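Please open the model in your viewer and keep the selection panel at hand.

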Amino acid sequence: MNLNGKIILVTGSSRGIGATIAKAFASKGATVIVNYIQNAGSAAEVVTDCKKLGGDALAIKADVTSAEQIHEMIDQVLGNFAKIDVVVNNAFKPYSFDPESRKQFWDLNWKDYQGQLDGALYSTYTLCQAVLPTLKKRTQGSIINIASDLVARPTIPYHEYTTAKSALIGFSRNLAVELGPLGIRVNCVAPGLVYPTDASLKTKEHFKEELIAQTPLRRIAAPEDVAGPVLFLASDWSKFMTGQTLYVDGGLVMR
Amino acid sequence: MILTAGYLPGLSPDEVEWQTLTFNRGGEQTEVSVPLLTDDQIKELSSDIKKASRHYLKGLPVSEILRTIDSAICQFLDRSNPYRQQAEKYLPRITGYDSEMVRLGLTSYLKTFRQSELRRFLSEDFFNPKILDEFQPLPKGGYGRAYGPDLLAHIWAGNVPGLPLWSLISGLLVKAGNIGKVSSFEPLMASWFARLIAEIDPRLGECIAVTWWKGGDTECQQALLNQADLVVAYGNNDTLQQIRDYTPITTRCLTYTHKVSFGMVSKSALDPIKAWNVAHQAAYDIVRYDQQGCYSPHVFFIEENGAVSPKQFAQYVASELDNFQKKFPRRTLTIEEAQDVALWKQTEEVKTFSDDCSAVMGDTDGTWCVSFSETPENLSPSGLNRTAKVISVQQLDDVPALISPYKAFLQTVGIAASPEELHRLACLLGVVGVTRISALEHMTVPEAGWHHDGRFNLLDLITMTEVERSAEISAEAFSNYVD
């Protein structure tokens, strides 16, 4: 797979899954926009790693729940590179996957849902709106939204998080229908529990072991496992696929 | 940043010569400064530790010692504690072990030293642990009290992080003064533990010292052995033979040599539901600390005629080793270690040329290897570092004959079998020299109070002072109330 010359925007890519996706793109020769919100140091490290891996990279600070900051980021990317080929909506509102201290339904209020909807859906909606004019011009592009396998199998009912990710999949399918005639593809990657990431640091060993026992490939995902399907959906290898959700969870969900 | 190992109460760092050990195994270079004492310093330190042990520790109730150890262990278990954070950060770097494996290993290991577990440990060896505090009536008559040595010398191995804590804590429980020599492979945990103890109880801290010398430095070793009342040493047979030779005849020397452990799986555990789980547990025992422990399995004997065949079981183990490689990647091997693995693998592959039923399974990077044999074979050590042999046997009762030639080397057996089989096999295995039987997945985590190599960890350290019944009766005649 050669992604030389491709401009890839990965939101929330200063750490965790996003950083791994960014580096995987760079290793195939792409230029990666490393979007981050807080940790400039980590983003700079990812940029350095991307360059070492044979790609190019640029870190841009932007809060993806702010329309203004998103537009500024897109302007900056277009100012530098004149195009965007692939957008990976990976950023989400910080969430701790801790089965023992999750909020139960009756402890949640609408603000909790709203926060996750803003983090997953509003940010994707806004970014898609912002990037669409440039994608339309070239009648090509691939948008990849990171969802979760909890949507199909809520092993632990992380209500607000999973509801937002479910909405993201519905959003993506509609957008795929809308943008298909324009040559732009929209797909989702739905990982299972990914360890280690900051969000899953508090997930206890015994829970991971239970999950592993039920997973046909008998382990839980590492950030690297998510990168492969994302690259596939970004590349021409998947050029006749749109509106799909790829589950990356070792076979826990099959559909 | 250079870390400092060692703990030397009463000695100022300026008076001591320091050497730097450099570790590259974890990918990043880490330097650790270690103390190298002169003969005179060892003598002086020994004398100070003996004094502190006699004047303070011998009078300290065991319950108090338990509380102090518990408090230190609690701090080590607390992930926000600076000592714990140092351990999580630096132990992977100096040992090369995966950081997650070290983190989880530390917790499962350290929790066996909580106060409740140490009480169990004490009562394993002492019917009445108060015998360590004061004279207690003995069942045979008279009174007895157990005394730990004034100076217990520990010569530690560094194969598994934190291992020195076993003998150091044992020493403290019997109120011994302790000087330990750390290994160049892992000099930190014992040093940190000694410092933590000293922070909690400074006077108890004066009863412990942790030092270093380069393996084979017979002068330093001799200086310590001359001062010690009792020696506990870990290592290979050559090292231990040398330590024995240098230990004065009047000083007892307890040696823990290299051992070989293995697993057994009954056909009752080999149905399509249970077999994978058992293989997962077996693979975990192989992976944990890359088979560097005496309790790590080298071979698995698998019973035939289960719903899952021994060969299928071997394949499950292979697949699980592959999964564990992603979860807990194996450390980078030294050239010697890589050669041992390659040689073992080559030998196993040669066997498959003449035997169609044998198979060697491994990943392309050589990070693990499973060799399967359909015909019974004697126990033999693996190439270590995630290499294991799976041997098919008609029935598990055949296994004792395959291991009996190695009696002196046997230690742990991990068993997956029904209760009836477990107890029948225990009788057969005990006779041929096995000293510990555990569940699979627990082979590398001995329970609190286990008898290391079948010995009594605490009883081996003490001497009894007995007041015989005759003395009591005779004293009666001299009492002021005699009629």
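Begin by selecting Tyr316(B), which counts as buried because 23 C-beta neighbours lie inside 10 Å; a residue is called buried if 20 or more other C-beta atoms lie within 10 Å of its own, exposed if 12 or fewer, and partly exposed in between, with C-beta atoms placed from the backbone. What you are looking at is a predicted model, in which local features need pLDDT of at least 70 and side-chain atom pairs count only at pLDDT 80 or more, while totals for chains, interfaces and linings use all residues. Residues are numbered from 1 along each chain as its sequence is written, and chains are lettered from A and ligands numbered from 1 in the order in which they are written.

**Around Tyr316(B)**

Show the secondary structure and you will find Tyr316(B) in helix α12 of chain B; helices (H or I, at least four residues) and strands (E, at least two) are DSSP runs, numbered from the N terminus. Next select Ala275(B), Trp276(B) and Ala279(B), which Tyr316(B) touches when residues up to four places away in sequence are not counted; two residues are in contact if their C-beta atoms, placed from the backbone, lie within 7 Å. If you draw a C-alpha to C-alpha distance from Tyr316(B) to Val278(B), the value is 9.2 Å, although 38 residues separate the two in sequence.

Now move to Val317(B), which, leaving aside neighbours within four places in sequence, is in contact with Ala279(B), Ala282(B), Ala283(B), Val370(B) and Val390(B).

**The nonpolar cores**

Which residues touch the most other members of the largest nonpolar core? Select Phe193(B), Phe301(B), Phe313(B), Val317(B) and Val390(B), which hold that place among its 139 residues; a nonpolar core is a set of buried Ala, Val, Leu, Ile, Met, Phe, Trp, Tyr and Cys residues joined through C-beta atoms within 7 Å. Helix α11 (residues 274–287) of chain B supplies the largest share of this core, with 8 residues. Because domain 1 (2–258 + 451–467) and domain 2 (260–439) of chain B both give residues to this core, it lies between them. A second, separate core has 77 residues, among them Phe97(A), Val189(A), Leu193(A) and Leu231(A).

**The two domains of chain B**

Colour chain B by its two domains, domain 1 (2–258 + 451–467) and domain 2 (260–439), whose bounds come from an automatic or database domain assignment. Their centres, taken over C-alpha atoms, are separated by 32 Å. At the boundary, 14 residues of domain 1 of chain B are in contact with 11 residues of domain 2 of chain B. On the side of domain 1 that touches domain 2, helix α4 (residues 99–110) of chain B gives the most, with 3 residues. That side of domain 1 of chain B divides into 3 nonpolar, 7 polar and 4 charged residues, where Ala, Val, Leu, Ile, Met, Phe, Trp, Tyr, Cys and Pro count as nonpolar, Asp, Glu, Lys and Arg as charged, and the others, Gly among them, as polar.

**Where chain B meets chain A**

Display both chains together and select the contacts between them, where 6 residues of chain B are in contact with 5 residues of chain A. Helix α12 (residues 310–327) of chain B gives the most to the side of chain B that touches chain A, with 4 residues, and the residues of that side divide into 1 nonpolar, 2 polar and 3 charged. For the model, the scores are ipTM 0.74 and pTM 0.87.

**Chain B as a whole**

Zoom out to chain B, in which there are 16 helices and 18 strands. Of its 483 residues, 48% count as buried, and its C-alpha trace spans about 85 × 65 × 45 Å along its principal axes.

**Backbone details**

Finally, select Asp453(B), in the loop between β17 (436–439) and β18 (463–467) of chain B, which has a positive phi of about 50° although it is not a glycine. In chain A, select Thr139(A), in the loop between α4 (110–138) and β5 (141–146), where phi is near 40°. End at Pro196(A), where the peptide bond from Tyr195(A) is cis, with omega near 0°.
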